[in-house]
Amino acid sequence: MTVITELMIPSYSNFGGKIHGGILLSLMDKVAYVCAAKHAGNYCVTASIDTVDFLEPVEVGDLVSLMASVNYVGRTSLVVGIRVISENIKTNKINHTNTSYFTMVAKNEDNQPVEVPGLILEDRNQVRRFIEARRRKQLKQNHKQEAEEIIMPDDEEICRQMLAGERCVIAD
């Protein structure tokens, strides 16, 4: 497991004093890289990010901890699970703010994908994470295939029927 903790400073915030989502994404990418590179023993790049839901706002002055673990490995890729928590150091209140999954690819000195070591699953929780990551990967592949099958109908009347009840109109 890899953990990074950082203090949220005013320059990270929006006008409402909440931390920008992009700051959190950058920190998540950083911890995903460190975790993946440590496991792979090579440079790693971000190939994709699965859903990122912002569950709770993060405030200026909070300590944000990002906990990352390699949940799944393919031949050259790794899925890194990340849990983000914020801690108000005045009240000691802790919030779970994000969970996400980053797919990283290990690269060699020639920038070519390189095989990564397998995982040794040491407890039931690690087995669960591996199985869940494998299932998410399958669902993602299915979704990609279904998305590629989406086509725009040629018939304008069919388009109008498909848009009936939606909050849009087709300009003439």
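Tutor: Let us start with pairing: two strands pair if DSSP finds at least two bridges between them. Helices (H or I, at least four residues) and strands (E, at least two) are themselves DSSP runs, numbered from the N terminus. This is a predicted model, in which local features need pLDDT of at least 70 and side-chain atom pairs count only at pLDDT 80 or more, while totals for chains, interfaces and linings use all residues. Residues are numbered from 1 along each chain as its sequence is written, and side-chain values use heavy atoms, with hydrogens and water left out.

Student: How do you know that strand 4 and strand 5 pair, and in which sense do they run?

Tutor: The requirement is at least two bridges, and 11 bridges join strand 4 to strand 5, so the two count as paired, running antiparallel. Within strand 5, asparagine 95 is the residue that stands opposite serine 86.

Student: What makes strand 3 a partner of strand 4?

Tutor: Here 10 bridges join the two strands, which run antiparallel, and they form a hairpin with three residues between them. Leucine 66, for instance, has valine 84 in strand 4 as its bridge partner.

Student: Why is alanine 106 called buried?

Tutor: Buried means under 20% relative accessible area, exposed over 50%, and partly exposed in between (1.4 Å probe, protein chains only). Alanine 106 has 0% relative accessibility, and therefore counts as buried. This residue lies in strand 5, and its contacts (heavy atoms within 4.5 Å), not counting residues up to four places away in sequence, include Tyr43, Cys44, Pro113 and Val116. As for strand 4, nine of its 11 residues are buried, which leaves that strand mostly covered.

Student: What makes the phi of asparagine 92 worth a remark, and where does this residue lie?

Tutor: Most residues other than glycine have a negative phi. The phi of asparagine 92 is near 65 degrees, a positive value in a residue other than glycine. Asparagine 92 lies in the loop between strand 4 and strand 5, whose hairpin has six residues between the strands.

Student: Why is asparagine 92 called exposed, whereas asparagine 111 is called partly exposed?

Tutor: Asparagine 92 has a relative accessible area of 53%, so it is exposed. Asparagine 111, found in the loop between strand 5 and helix 2, has 46%, and is therefore partly exposed. The phi of asparagine 111 is also positive, near 65 degrees.

Student: What makes a space in this model a pocket and not a cavity?

Tutor: On a 1 Å grid over the protein atoms alone, a cavity is a set of points where a 1.4 Å probe fits but cannot get out, whereas a pocket is an open set with protein on both sides within 12 Å along at least five of seven lines; lining residues have an atom within 4 Å of a point. The largest pocket holds about 330 Å³ of space, and 14 residues line it, with Met1, Ser69, Val70, Leu119 and Gln126 nearest its centre.

Student: Which element gives the most to the lining of the second largest pocket?

Tutor: Helix 2 gives the most, with six residues. The second largest pocket is lined by 13 residues, and among those nearest its centre are Ser48, Thr103 and Lys137.

Note on methods:
Points joined across faces, edges and corners; volume = space filled by probe spheres on them.
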